[in-house]
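Trainee: I'm new to this one. Can we go through it piece by piece?
Mentor: Go ahead and ask.

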Amino acid sequence: MTVEQILLFGCIFFAFALVSRKIQGTIVTAPILFTAAGYIAGQTVMSLERETFGESALHTIAELTLVLVLAADASRISLKSLYRHRSVPIRLLGLSLPATIGLGALVGLAVFEEIS
C-alpha cells in the first residue's frame with residue numbers, strides 16, 4: 001500500500017467524520033458512503049495507478065473499511081437496550097448465522113460441483 005493510497009483512505013475517513021453527525025437519522029449510512037467513495041476513488045484516482053495497485057492493497061483497504069463500518073455501527077448500540085432485548089441477537093447469532101452458513105455451503109456445493 002503506497003503513501004498516496006493511505007492518504008486517500010485517510011481523507012475519505014476524515015470526510016465521513018465531518019458529515020456523520022449530519023447524516024444521522026437519514027437514509028444515507030456509513031456503508032453507502034464508503035461504497036460510493038470507494039467506487040469514485042476506483043474510477044478516478046486509483047485508475048491512474050492500476051499497474052501498481054495490487055490485490056493485497058485492495059484486500060487491506062477492504063478490511064480497513066469493514067473495520068471502520070462495524071466500529072461505527074457498534075458505537076451507536078445502546079447497551080441498556082441490547083441487554084433488555086438480548087434474545088434477538090442471541091437468536092440471530094446462535095441460530096440464524098449458523099443456518100445461513102450451512103445453507104450457503106450446501107448451495108455452493110450444489111452449484112460448484114468441482115469443489116470437494
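Trainee: Where is alanine 37 placed?
Mentor: Alanine 37 is in helix H2; helices here are DSSP runs of H or I with at least four residues, numbered from the N terminus. This is a predicted model, where local features need pLDDT of at least 70, side-chain atom pairs count only at pLDDT 80 or more, and totals for chains, interfaces and linings use all residues. Residues are numbered from 1 along each chain as its sequence is written, and side-chain values use heavy atoms, leaving out hydrogens and water.

Trainee: Is alanine 37 buried or exposed?
Mentor: Alanine 37 counts as buried because its relative accessibility is 19%. Buried means under 20% relative accessible area, exposed over 50%, and partly exposed in between, with a 1.4 Å probe and protein chains only.

Trainee: New topic. Which residues make up the largest nonpolar core?
Mentor: Five residues: Phe16, Ile23, Ala30, Phe34 and Val69. Such a core is a set of buried Ala, Val, Leu, Ile, Met, Phe, Trp, Tyr and Cys residues joined through side-chain atoms within 4.5 Å.

Trainee: And which elements give two or more residues to this core?
Mentor: H1 and helix H2 (30–43).

Trainee: What does valine 69 contact?
Mentor: Apart from neighbours within four places in sequence, valine 69 is in contact with Pro31 and Phe34. Contact means heavy atoms within 4.5 Å.
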